[in-house]
Amino acid sequence: MTLVMRSDEEVLAQLDRPCFVLRTDMGIALTNEPPAQRTTVLASVGPLPVHALGSPAFQAYHGVRHSYLGGAMAGGIASEGLVVALAKAGFLGSFGAAGLLPQRIDRALRRISAEIGGLPFAANLIHSPSEEALERAAVELYLMHRVRCVEASAFLDLTRHVVRYRVAGLSRAADGRVRAANRVIAKVSRPEVAARFMHPAPESLVAELLAEGLVTAEQAELARTVPVAEDVTVEADSGGHTDRRPLVALFPVIVALRDAVQRERRYPVPVRLGAAGGIGTPEAVAAALALGADYVVTGSVNQSCVESGTSEPVRRMLAGAGIADFDLAPAADMFELGVQLQVLKKGTLFPMRARYLYELYRRHDGLHELSTEDKSKLERQVLRRPVDQVWAEVASYFERRDPDQLRRAAEDPKRRMALVFRWYLGMSSRWATSGDAERTADYQVWCGPAMGSFNEWARGSHLADPANRTVGEVATHLLRGAAFSIRLRQLALAGISLPGTTYRPQPLGGGS
């Protein structure tokens with residue numbers, strides 16, 4: 001037998017085949033071929049195909065080939081096309097329904113259903129404390145369209161709406177087991193919130209739903225036996241709303257919590273845990289799996305892909321971002337509470353201008369208190385139009401969406417000021433997704449440092465150009481690279497150091 005020698009990278013990248021480290025007359029060599037007798041084998045690692053990464057139970061439960069979720073990005077940035085592309089490549093994708101009106105979500109669900117061919121997908125259900133009607137309407141749409149998986153995010157506590165979605169899908173199978181048609185993936189960054197999703201739904205909320213005829217008596221009884229979410233995503237430092245917790249600090253805490261809940265509840269299948277936030281390189285995926293993640297979730301890196309629902313100028317900005325090109329700014333949906341989110345800093349003045357608005361809000365009880373200098377700066381540099389004109393647009397918007405907001409603003413000048421400032425915060429994300437050339441300096445791009453680390457990893461490869469970034473190819477290379485990284489680490493633990501050996505993404509040329 002002739003031993004075919006390839007580069008270390010080529011051998012390790014043959015993920016479906018074992019890898020042997022041999023001592024030869026010319027030194028150390030790697031091969032995928034079974035060694036001949038009397039050949040000195042220094043170390044070996046077995047096959048590690050990408051479908052073997054993460055939890056087989058996650059894959060089976062959601063009907064996908066890989067333990068990978070393309071997470072929801074609000075405002076339809078995680079677009080219909082992105083969700084369909086991920087599904088066709090064997091991944092689970094979550095439609096970014098947050099911030100969209102019911103009519104827009106309805107159109108998206110119809111399009112996805114028409115194009116996805118029965119493949120699994122998810123849709124985002126975001127907690128909307130100031131606009132409960134939107135949360136309720138989203139659940140009603142998901143039930144009507146038979147959306148079988150929702151990614152629940154930004155919840156500080158369980159609401160009747162997410163509980164209704166979960167419980168309304170419960171039934172008992174012929175063999176007596178509980179069947180859950182409606183699956184919930186909860187994205188959390190705090191242990192107390194994770195605990196609520198890991199336990200059965202509160203009986204008080206279930207009783208309310210039963211009294212209103214929104215669930216059946218059997219479903220109410222079955223709700224006592226299952227967690228609200230079978231999958232809980234641990235969200236570390238991420239784009240958009242984030243507590244900026246390091247994954248290595250947060251994840252073990254949630255693991256311990258999950259294990260305690262399992263000892264208490266003894267579910268037939270323990271709650272699975274995913275890792276999100278900072279997942280932008282193969283090494284990050286490998287690290288998350290090493291922490292015990294059953295699946296990984298990406299967000300920021302998908303926004304730079306061609307299927308995302310943002311603009312071409314934003315994709316180019318994202319592709320040029322470095323690891324430190326991100327900042328915190330006030331969030332539009334929780335502006336009055338001082339809640340912040342993480343956004344792109346490079347190429348935009350949005351973070352600085354948004355913080356200026358919050359400082360004005362914090363110091364004053366209404367627009368009438370603004371100094372002449374502040375009002376002039378507000379209208380010329382930030383809003384770029386008179387305050388009265390902005391208020392007219394705000395009033396027209398809320399007359400259609402939530403008239404109660406206008407009633408509250410009429411009684412409270414500070415509330416009116418907040419709505420004017422929230423106009424800028426809301427429009428800045430729309431200017432970004434539409435690529436408005438006149439408002440480039442005001443683009444609000446939700447993003448985290450995973451984008452910078454991805455760009456550094458992709459440097460010198462075809463993925464450096466955003467025109468070559470498709471969500472299926474990005475996902476495939478992240479997983480392939482993770483498997484490569486794990487095999488490299490296995491060899492290192494066996495005493496075989498291969499400095500300079502790294503996974504280099506090559507065009508897939510025909511799919512993932």
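Leaving aside its neighbours within four places in sequence, R415 is in contact (heavy atoms within 4.5 Å) with E336, Q405, R408, A409 and R422. This is a predicted model, in which local features need pLDDT of at least 70 and side-chain atom pairs count only at pLDDT 80 or more, while totals for chains, interfaces and linings use all residues. Residues are numbered from 1 along each chain as its sequence is written, and side-chain values use heavy atoms, with hydrogens and water left out.

R415 belongs to helix α18 (residues 413-434), where helices are DSSP runs of H or I with at least four residues and strands are runs of E with at least two, numbered from the N terminus. Because its relative accessibility is 10%, R415 counts as buried, a term that means under 20% relative accessible area with a 1.4 Å probe and protein chains only. The side chain of R415 also makes a polar contact with the side chain of E336 at 2.3 Å; such a contact is a pair of N or O atoms within 3.5 Å, of which, within protein, one must be able to donate a hydrogen and the other to accept it, and residues adjacent in sequence count only if both atoms are side-chain atoms. R422, likewise in α18, is buried with a relative accessible area of 12%, and, not counting residues up to four places away in sequence, R422 touches A332, F335, E336 and R415.

Turning to helix α11 (residues 282-291), its buried residues are P282, A284, V285, A286, A288 and L289. These buried residues pack against α10 (247-265), β13 (272-276), β14 (295-298), α19 (450-458) and α20 (471-493), and just after α11, G292 takes a positive phi of about 115°.

Two bridges join β12 to β16 (residues 340-344) in antiparallel fashion, and the bridge partner of H241 in β16 is L341.

Definitions and conventions:
Buried means under 20% relative accessible area, exposed over 50%, partly exposed in between (1.4 Å probe, protein chains only). Two strands pair if DSSP finds at least two bridges between them.
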